[in-house]
Amino acid sequence: MAQWDDLRVFLAVARAESLSRAAPGLRMDAATVGRRIARLERNLGAALFVKSPQGYALTDLGERMRDRAAEAEASLSLALDEARGAGAGDQAGMSGQIRIGAPDGVSNYLLPQVCAAIGADNPGLEIQILALPRVVNLSKREADLAITVSRPQAGRLTVKKISDYHLHLAAPRDAEIRTLDDLQHQRIVGYIPDMIFDKELDYLDELGAQSVQLASNSVSVQAMALRHGAGIGIVHDFALPFAPELKRVLTDSISLTRSLYLVRHTSDRSSERLTRFADRLSQGLRAEIARLEALVA
């Protein structure tokens, strides 16, 4: 019979798809993690992973076991939340670990200062920011909460809108761009087209461009390229205060509005701790977007 500690190791490897990537979070070395997985598979009498030089991929049994183990992990987390709440009272600070998954633009320009403020008020709380150029999978328990730029259409999820935000065309401060025709001779910086993971991030049509000349799947890399004079590109207004070398151009012609959503797994609805954190996070993000956008308005 598998013990919870064995399942905890299994889940870490299933999520990381690698012994070496799972090891730091488990506070073990990779060899120890490998031995724990081998012991679990021996006890079960079945393989949970297909091992290769590329990493550890789940077998069909492993995928089913991952889903059940993730549900057990969520139930245990809820039980601990209830115990903390009962023992500490309604006004107690939040504690434990909470992981937020978010696109790298939000992770770089908004979450650090918002989470720092929340952490300062809750010294027992460990906040982890998972910055990924893709949608975070809450069903696999990659994170406790996710921030997305479009409303998910499937899955056992609860979704609440956080705020709208705005984007404009940005260029180096010495650039002479006064009309749309001036864009024809400019190099475009933007996303790698086949790595755009959400339709809301596809800005090429807004620029009337067919391709980008310098591309990255990372918003922060794009912004850094623009700061070094690589061309022009769409930039979040909330990121511009961190890029004094850039200015907004053609604001009357090119102005985009997008939204941020806070997504949670349905099974976490009864977690008072996660609900309190989600409310504080949403409030902080709204305030920070408003503050930063006001600096460039």
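## The chain overall

Of this chain's 297 residues, 45% count as buried. Keep in mind that you're looking at a predicted model. The fold is built from nine helices and eleven strands, and its C-alpha trace spans about 70 × 50 × 35 Å along the principal axes.

Take the contacts between residues at least 6 apart in sequence: 75% of them join residues at least 24 apart.

In soluble globular proteins, nonpolar side chains tend to be buried together. Here, the largest nonpolar core has 60 residues, and the ones touching the most other members are Leu111, Ile147, Leu169, Leu260, Phe277 and Leu281. Helix α9 (residues 272-296) supplies the largest share of this core, with eight residues. There's also a second, separate core of 23 residues, which includes Phe10, Leu11, Ala12 and Tyr56.

Leaving aside neighbours within four places in sequence, leucine 111 is in contact with Ile100, Ala102, Val106, Ala116, Ile129, Ile147, Leu281 and Leu285.

## Helix α1 and what follows

Much of the helix is tucked away from the surface, with Asp6, Leu7, Val9, Phe10, Leu11, Ala12, Val13, Ala14 and Ala16 buried. Among these, Phe10, Leu11 and Ala12 belong to the second core.

Just after α1 comes glutamate 17, which takes a positive phi of about 60°.

## Phenylalanine 49

Is phenylalanine 49 buried or exposed? Its relative accessibility is 3%, so phenylalanine 49 counts as buried, given that the cut-off for buried is under 20%. This residue is found in strand β1 (residues 49-52).

Which residues does phenylalanine 49 touch, not counting those up to four places away in sequence? Phe10, Val13 and Ala14 are among them, and those three are buried residues of α1. The other contacts of phenylalanine 49 include Ile37, Glu41, Tyr56, Ala57, Leu58 and Thr59. Glutamate 17 sits 32 residues from phenylalanine 49 in sequence, with a C-alpha to C-alpha distance of 9.2 Å in space.

How values were computed. Residues are numbered from 1 along each chain as its sequence is written. This is a predicted model: local features need pLDDT of at least 70, side-chain atom pairs count only at pLDDT 80 or more; totals for chains, interfaces and linings use all residues. Side-chain values use heavy atoms; hydrogens and water are left out. Buried means under 20% relative accessible area, exposed over 50%, partly exposed in between (1.4 Å probe, protein chains only). Helices (H or I, at least four residues) and strands (E, at least two) are DSSP runs, numbered from the N terminus. Contact means heavy atoms within 4.5 Å. A nonpolar core is a set of buried Ala, Val, Leu, Ile, Met, Phe, Trp, Tyr and Cys residues joined through side-chain atoms within 4.5 Å.
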